[in-house]
Amino acid sequence: MTLAIVLAADPAAGQLTERLAAQWRRAGADDVRIAADLTELADLVAAATGPVLVSGADLVAHTAVLKHLATSPVGPTVALVLTDPPAPGQATVREERGQVVEVDAADASGVFGGALRVGAADLPALADAARRAAGSAPARASAPDARLAEPLLAPGAVDMASASGAGTADAAPKTGVGAAGGGPLGAVDRLVADLAARGTLIFAQRVRLLVAHRVGDEAQRAAAEAAVAAVDEDRAELKLSVKERDDFFTTFFVSTWSPYVTKVAARIGIGPTGVTMVSVAFAVAAAVLFGVGGRPALVAGAVLLYLGFVLDCVDGQLARYTRHFSAWGGWLDTMADRFKEYVVYAGLGFGATHAGFRYGWALALAAMTLQTVRHMTDTWYGALHDEAARRPKVVSADAGGIGGKLNAASTRVQADTGSVSYWLKRTVVFPIGERWALIAIAAALFGPLVALVAVLVWGTLAFAYTGGLRTLRARWMRVPVMATVDAGLHRDDGVLARTLPTTRRPLLLAVLGALGAAGTLVWALLAVHGGGDLPVWVQVLALVLLLGAAQASRAPHEGSLDWLVPAALRAAEYLFAIAVGVAGRAPAWLIFGYVLVLTLHHYDLTARLEKRQSAPPLHAATLGWPGRSLLLAIGLIAGYASIALATLGAYLLVVFVASVVLAWVVLPARARGGVRSPG
């Protein structure tokens with residue numbers, strides 16, 4: 001149940017208070033209360049069991065603004081952030097990558113909008129902040145507790161919060177003065193300042209196209225109400241369903257007309273999940289047509305692929321327009337995107353082989369492996385960047401080095417929206433819209449073989465470009481992101497890895513394992529091409545190198561480049577599995593199918609990392625990458641590589657489906673009391 005609390009400390013704000021209460025109800029709050037002071041607010045928060053929405057009585061806004069805050073999918077705790085000049089008593093904020101990293105900041109990027117949603121896990125902190133603010137002077141935001149931040153600072157770095165004498169989270173609250181030079185922070189502003197000082201992860205909810213203002217007198221109130229009335233709320237919400245920043249192809253060839261499809265879908269009552277399923281069907285049909293070959297089939301497949309991508313954009317736009325977000329929907333969207341793309345690769349591989357090219361399936365496998373490893377680095381670099389944004393601001397010893405210069409240049413380009421350099425930067429990384437457009441155009445004009453080669457060439461160049469720049473920037477940021485998560489889960493270690501002795505160089509071993517697997521694959525290709533077999537000693541040596549990488553199981557991931565470990569291990573496992581299949585002369589489609597199942601398993605972990613979810617219910621049954629590789633090696637040495645790939649692949653697929661059913665159907669139903677526990 002969602003509780004909304006309007007803090008009405010000023011009795012003269014009665015009309016605004018009642019209107020805000022009514023708006024919160026229309027925005028979806030199950031219960032709305034009006035608190036006369038912070039002590040009453042603290043008592044209400046302490047009794048709450050679900051998310052709590054808090055706002056002052058000085059906010060004039062569209063109801064849609066409050067609804068967007070209440071339903072925001074970015075995180076459990078979200079603050080409204082405005083671009084208005086800060087007035088006395090209003091807290092300024094600094095945000096990076098959508099996170100509020102500092103409140104009452106000198107280099108502020110916005111002002112707190114007087115409303116926030118606090119997730120259930122952060123309610124004790126909110127209640128404590130309210131009690132502290134009620135019984136003391138107004139609080140000033142400070143850096144997270146220096147004792148927590150100290151071990152995480154980069155070598156040779158200076159903690160700016162400590163250098164300036166800023167207080168810690170458990171110190172006595174200080175008088176806050178906003179960037180505008182006003183007096184003490186207001187009541188709601190003190191709450192968000194205290195939460196930020198404790199290190200609470202707060203995401204920012206910006207206002208676009210709609211209207212939200214904090215008012216201090218009748219003239220400001222009248223002006224704000226006039227601004228609200230002047231905007232067509234529904235039309236603005238439809239425009240807001242489109243991402244503020246997207247890639248070139250999506251922006252100019254999809255989003256120009258996809259909102260009309262979104263509007264129609266909303267009117268007929270189809271949900272985002274339904275649109276996703278139709279998109280999957282279009283992609284599968286396109287893959288079949290690419291496999292059939294012939295100019296009419298290839299052109300039709302290209303058209304269906306484009307329409308499938310349009311629907312892929314529409315499902316997200318529909319979720320934003322109708323505010324129907326769910327963890328299941330986010331997970332399904334991630335998994336469906338990858339499944340659609342890899343099914344299309346399979347269709348292209350089959351089509352190229354059917355057209356007489358011997359290595360069509362090999363190209364499809366290479367494209368899938370490359371894209372998956374790229375996605376793993378994208379995910380972990382994003383986690384690295386988010387973690388860096390949450391850390392206290394530091395001045396690094398190499399701030400003027402190449403990493404710092406690259407970071408500053410990237411920030412400038414991203415801020416210059418619409419420029420040639422901005423669109424080049426967004427296009428050169430080969431995002432999904434550009435990939436699907438390239439596949440559709442190349443397949444329709446030249447055929448499946450050219451489409452696969454084009455994807456591989458552009459994908460390789462993009463990987464080299466992004467990998468090089470991100471490595472330099474990561475060394476500059478010096479954030480050990482792998483040390484902040486369950487590294488064993490996201491490396492997909494399994495029981496075998498946990499039984500091996502550990503090492504302090506996880507990245508080195510992971511890279512060596514990947515190189516060993518790649519070398520084995522090359523040797524297998526040469527041996528099979530020459531009509532021979534892969535020597536047993538090479539198979540054993542490759543397995544030893546691969547298992548050597550598993551020694552990183554319990555190693556501390558404190559290096560600035562250890563975020564590359566999961567991607568390196570994915571590459572090692574995929575390449576080794578392909579080498580087993582090639583050396584054992586397994587059918588190419590079987591090898592592709594096995595690696596496809598592995599990618600679904602790994603994308604499940606990736607989606608859970610992005611959504612901050614726990615491990616899948618049956619994760620232990622997947623054996624871990626060392627266990628799976630060991631079983632494949634045994635099958636190869638015994639002369640049953642195809643049987644090993646087919647059996648293990650089928651087993652992993654069954655485990656994956658069962659895990660999905662448990663995670664998204666059975667366990668949630670039990671939590672709601674809809675299913676009885678056995679016995």
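The model is a predicted one, in which local features require a pLDDT of at least 70 and side-chain atom pairs count only at pLDDT 80 or more, whereas totals for chains, interfaces and linings use all residues. Residues are numbered from 1 along each chain as its sequence is written, and side-chain values rest on heavy atoms, with hydrogens and water left out.

**View 1. Overview of the chain.** The chain holds 27 helices and 12 strands, where helices (H or I, at least four residues) and strands (E, at least two) are DSSP runs numbered from the N terminus. Of its 679 residues, 53% are buried; the word buried stands for under 20% relative accessible area, exposed for over 50%, and partly exposed for values in between, with a 1.4 Å probe and protein chains only. Among contacts with a separation of 6 or more, 83% come from residues 24 or more positions apart, a contact being heavy atoms within 4.5 Å. The chain exposes about 28,500 Å², of which carbon and sulfur atoms supply 64%; accessible areas follow the Shrake-Rupley method with a 1.4 Å probe, and for residues only the protein chains shown count as cover.

View 2. When neighbours within four places in sequence are set aside, Leu 605 is in contact with Leu 489, His 490, Asp 492, Pro 616 and His 619. Ala 615, at 10 residues from Leu 605 in sequence, lies 7.3 Å away in space, taken from C-alpha to C-alpha.

**View 3. Strands E5 and E10 with their partners.** Strand E10 (residues 202–206) is largely enclosed by the rest of the structure, because four of its five residues are buried. Strand E5 (residues 78–82) pairs with E10 in the parallel sense over four bridges, and Val 78 stands opposite Phe 203 of E10; two strands are said to pair if DSSP finds at least two bridges between them. Strand E7 (residues 99–103) is joined to E10 by two bridges and the two run antiparallel, with Val 100 opposite Ile 202 in E10. E5 is also joined by four bridges to strand E8 (residues 110–118), in this case antiparallel, and Ala 79 stands opposite Leu 116 in E8. In a regular strand the side chains alternate between the two faces of the sheet. Both faces of E5 are covered, with Val 78, Leu 80 and Leu 82 buried on one side and Ala 79 and Val 81 buried on the other.

**View 4. Aromatic rings around Trp 423.** A search of the whole structure finds 20 aromatic pairs, where rings of Phe, Tyr and Trp (its six-membered ring) pair if their centres lie within 6.5 Å, and planes under 30 degrees apart count as stacked, over 60 as edge-to-face and the rest as tilted. The rings of Phe 248 and Trp 423 have centres 5.7 Å apart and planes at 80°, so this pair is edge-to-face. Because Phe 248 lies in helix H10 (residues 248–253) and Trp 423 in helix H17 (residues 420–428), the pair ties together parts that are 175 residues apart in sequence. Phe 248 is partly exposed at 34% relative accessibility, whereas Trp 423 is buried at 16%. The rings of Phe 252 and Trp 423 are likewise edge-to-face, because their centres are 5.3 Å apart and their planes stand at 65°. This pair, too, links distant parts of the chain, with Phe 252 in helix H10 and Trp 423 in helix H17, 171 residues apart. Phe 252 has a relative accessible area of 40% and is partly exposed. One aromatic cluster is formed by Phe 248, Phe 249, Phe 252, Phe 253, Tyr 306, Phe 309, Tyr 422, Trp 423 and Trp 436.

**View 5. A nonpolar surface patch that includes Ile 441.** Ile 441, Leu 445, Phe 446 and Val 450 make a nonpolar surface patch of about 410 Å². Patches are made of residues with over 30% relative accessible area and no salt bridge, with like charges joined within 9 Å and nonpolar side chains (Val, Leu, Ile, Met, Phe, Trp, Tyr) within 5 Å; a salt bridge is a side-chain nitrogen of Lys or Arg within 4 Å of a carboxyl oxygen of Asp or Glu. Helix H18 (residues 432–446) gives the most to this patch, with three residues. Ile 441 lies in helix H18 and, with a relative accessible area of 51%, is exposed.
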